[in-house]
Amino acid sequence: MPRLERIEYLFEPAGGGAIMRSMPNPIPTEAQQAELLTAARAAQHRAYAPYSKYQVGAAVLDDQGRIHAGCNVENAAYPEGVCAEASALSAMVLAGSTRARAVLVVGTGGAWVTPCGGCRQKLREFCAQDTPILTANDTTMGPRYTLAQLLPQSFGPDHLQQP
Ligand SMILES: [Zn+2]
């Protein structure tokens, strides 16, 4: 099987600008997937979703092997609510990383939940095209995608890179 190689842009937190680097994004190990699922489910149980009753949890594996979780936080002014993926990305940035190696999202019920359109764009900021996006429902892991599958032909930080 050919090795998956790609070119990506990586932003260093120190503000040194974009660095182009070839780096594959492997599928997380089973142990990492289990950790992501545990973290996402724990976050899901903390979700504040009094309006939709649809609790979502997300977990992000960063480039240092750490996991950051988030949950959806709704608001009486509906558009002001925050998705679980956005919460998890905020936690990752707060912890000092701007690079997501894998993402897992778990929703409520039997259906597989994938990131909403807005979150796909938010993920684009910190993920590579081949970053695995894992799904889960109440009981089991679901289909796995890459960011490029969920957000093809996307706009990202590389488009704003100075020549
Ligand atoms: Zn979203």
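A residue is called buried here if 20 or more other C-beta atoms lie within 10 Å of its own, exposed if 12 or fewer do, and partly exposed in between, with C-beta atoms placed from the backbone. The model shown is predicted, so that local features need pLDDT of at least 70 and side-chain atom pairs count only at pLDDT 80 or more, while totals for chains, interfaces and linings use all residues. Residues are numbered from 1 along each chain as its sequence is written.

**View 1. The protein chain as a whole.** Helices (H or I, at least four residues) and strands (E, at least two) are DSSP runs, numbered from the N terminus. The protein chain has 4 helices and 7 strands, which follow one another along the sequence in the pattern β-β-α-β-β-α-β-α-β-β-α. Of the 163 residues in the protein chain, 36% are buried. Two residues are taken to be in contact if their C-beta atoms, placed from the backbone, lie within 7 Å; among contacts between residues at least 6 apart in sequence, 58% join residues at least 24 apart.

View 2. Helix H1, residues 30–45, has 16 residues and reaches 23 Å from its first C-alpha to its last, close to the expected 22 Å, where the expected span is 1.5 Å times one less than the number of residues. The buried residues in H1 are Gln33, Leu36, Ala39, Ala40, Ala43 and Gln44. Seen down the axis of H1, these buried residues fall within an arc of 140°, so they line one face of the helix; the arc is that of the directions from the helix axis to the C-beta atoms. The face turned away from the buried side of H1 carries the exposed residues Glu30, Ala31, Ala34 and His45. The cover over the buried residues of H1 includes helix H2 (84–94) together with strands S3 (57–62), S4 (67–71), S5 (100–106), S6 (132–136) and S7 (141–146).

View 3. Five strands, in the order S4-S3-S5-S6-S7, form an open sheet of 5 strands with mixed pairing, two strands being counted as paired if DSSP finds at least two bridges between them. S4 and S7 are the edge strands, each pairing on one side only, and the twist averages 20° from one strand to the next. H1 packs on the sheet, touching S3, S4, S5, S6 and S7, and its direction makes about 140° with that of S3; axes are lines fitted to C-alpha atoms, for helices over the stretch in contact, and angles run from 0 to 180 degrees between N-to-C directions.

View 4. Strands of a sheet pair through backbone hydrogen bonds, either parallel or antiparallel. S3 and S4 run antiparallel and are joined by 5 bridges, with Ala69 in S4 as the bridge partner of Ala59. S3 also pairs with S5 in the antiparallel sense over 6 bridges, where Val103 in S5 is the bridge partner of Val60. S5 and S6, by contrast, pair in the parallel sense over 4 bridges, and Val103 stands opposite Ile133 in S6. The chain crosses from S5 through H3 to S6 in a right-handed β-α-β crossover, a term used if, with the strands pointing away from the viewer, the path from the first strand over the helix to the second runs clockwise. In S5, 7 of the 7 residues are buried, so this strand is largely enclosed by the rest of the structure.

**View 5. Helix H3.** In helix H3, residues 117–126, the buried residues are Cys119, Leu123, Arg124 and Phe126. They cover an arc of only 165° around the axis, which puts them on the same side of H3. Gly117 and Gly118 are exposed on the face turned away from the buried side of H3, whereas the buried residues of H3 pack against H2, S5 and helix H4 (147–150).

View 6. Val106, found in strand S5, is buried, with 26 other C-beta atoms within 10 Å. Not counting residues up to four places away in sequence, Val106 touches Leu37, Ala40, Arg41, Gln44, Gly57, Val113 and Ala136. The C-alpha atoms of Val106 and Asn137 are separated by 5.5 Å, although these residues are 31 residues apart along the chain. Ala88, found in helix H2, counts as buried with 29 C-beta neighbours inside 10 Å. With residues up to four places away in sequence again left out, Ala88 touches Ala58, Ala59, Val60, His68, Ala69 and Gly70.
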